[in-house]
Amino acid sequence: MSKLSNKIDAHDRTISYVLEDKKYMVDYFQREYNWQRRHIEQLIADLTNAFLNEYKEGDGREKGENYNNYYLGPFVVSVKDGGHRSIIDGQQRLTSLTLLLIYLNNLQKELGVAEKIEPLIFSELRGVKSFNLQVEERRECLEKLFLTGVYSVRADDGPSTINMAERYTDIAELFPDEIKGASLPFFIDWLKLNVVLVEIVAYSDENAYTIFETMNDRGLNLTPTEMLKGLDRKSTRLN
């Protein structure tokens, strides 16, 4: 195994960094998107409560730079030949964040707000849009949700597509009214720039799955600092 294959990188990343103009594959052997309403309800409650603890009516947009960050957890990526990035752990969160961003993009259109969200949902090359999470069987659902906010489930849809449509509906029902007015641009800023994940990048599937198994087997909820320190030690051993 080459030295590059043994390399592991770990960095704290904003949602903007993680998703803007990025592409992630979800390998066919990965589990389905299986979050249920309770998971989305917890995510929405955690994010909106953390934001509302920071936001004060009358704040200027620049005040958001001083809002506290919110740590959303780690995700593990294997970088393959040609720079293709495959999600090994974290597709549940990244899919849910994409659904939330699609909802916020639709909401701001209704309210006459024009924040830059679309590059976090999809990128465009030669007039062709492709979503940040590249799973072909989920594409139509994402397109319909992005364009209309509605996807009618079909009999031949897989469980991931069905769950995505249902969770989008949950987001629309659960998103709090107090962030549907003047505070919406502040929330979008905060979500993009103050919500942080730890991105763990391995350059071989073997190392990526070792990291995934280690984190899940130990059942630990590490802080970003603890995780980065641990991965620095592991990277030194592998190199």
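## Helix α4 against helix α6

Gln91, Thr95, Thr98, Leu99, Ile102, Asn105, Asn106 and Lys109 of α4 are in contact with Arg138, Leu142, Leu145 and Phe146 of α6, where contact means heavy atoms within 4.5 Å. Sorted by class, the residues of this contact are five nonpolar, five polar and two charged. In this scheme Ala, Val, Leu, Ile, Met, Phe, Trp, Tyr, Cys and Pro are nonpolar, Asp, Glu, Lys and Arg are charged, and the others, Gly among them, are polar.

The model is predicted: local features need pLDDT of at least 70 and side-chain atom pairs count only at pLDDT 80 or more, whereas totals for chains, interfaces and linings use all residues. Residues are numbered from 1 along each chain as its sequence is written, and side-chain values use heavy atoms, with hydrogens and water left out.

The axes of α4 and α6 (residues 136-148) lie 9 Å apart, and the two helices pack at an angle of about 25°. α4 is therefore roughly parallel to α6. Axes are lines fitted to C-alpha atoms, for helices over the stretch in contact, and angles run from 0 to 180 degrees between N-to-C directions; under 35 degrees counts as roughly parallel, over 145 as roughly antiparallel, 65 to 115 as roughly perpendicular, and the rest as oblique.

## Helix α4 against helix α7

Helix α4 (residues 91-111) also packs with helix α7 (residues 159-174), at an angle of about 50° and with axes 10 Å apart. The two helices are therefore oblique to each other. Their crossing is right-handed, a term for a near helix turned clockwise from the far one by less than a right angle, anticlockwise being left-handed.

On the α4 side the contact involves Thr95, Ser96, Leu99, Leu100, Ile102, Tyr103 and Asn106, which meet Met164, Arg167, Tyr168, Ile171 and Ala172 of α7. Eight of the residues in this contact are nonpolar, three are polar and one is charged.

## The nonpolar cores

The largest nonpolar core has 57 residues, of which Leu94, Leu104 and Leu191 touch the most other members. Such a core is a set of buried Ala, Val, Leu, Ile, Met, Phe, Trp, Tyr and Cys residues joined through side-chain atoms within 4.5 Å. α4 gives the most to this core, with nine residues.

Apart from neighbours within four places in sequence, Leu191 is in contact with Ile15, Leu47, Leu100, Leu101 and Leu104. A second, separate core has eight residues, including Ile8, Ala10, Val198 and Ile211.

## Helix α8 and Phe187

Nine of the 11 residues of α8 are buried, so the helix is mostly covered; buried means under 20% relative accessible area, exposed over 50%, and partly exposed in between (1.4 Å probe, protein chains only). Among the buried residues are Leu184, Trp190, Leu191 and Asn194.

Phe187 belongs to this helix (residues 184-194) and is buried, with a relative accessible area of 1%. Not counting residues up to four places away in sequence, Phe187 touches Leu47, Thr48, Phe51, Leu104, Phe175 and Ile179. Phe187 and Gly64 are 123 residues apart in sequence, yet 9.1 Å apart in space, C-alpha to C-alpha.

## The chain as a whole

The chain contains 10 helices and eight strands. Helices (H or I, at least four residues) and strands (E, at least two) are DSSP runs, numbered from the N terminus. Of the 239 residues, 50% are buried.
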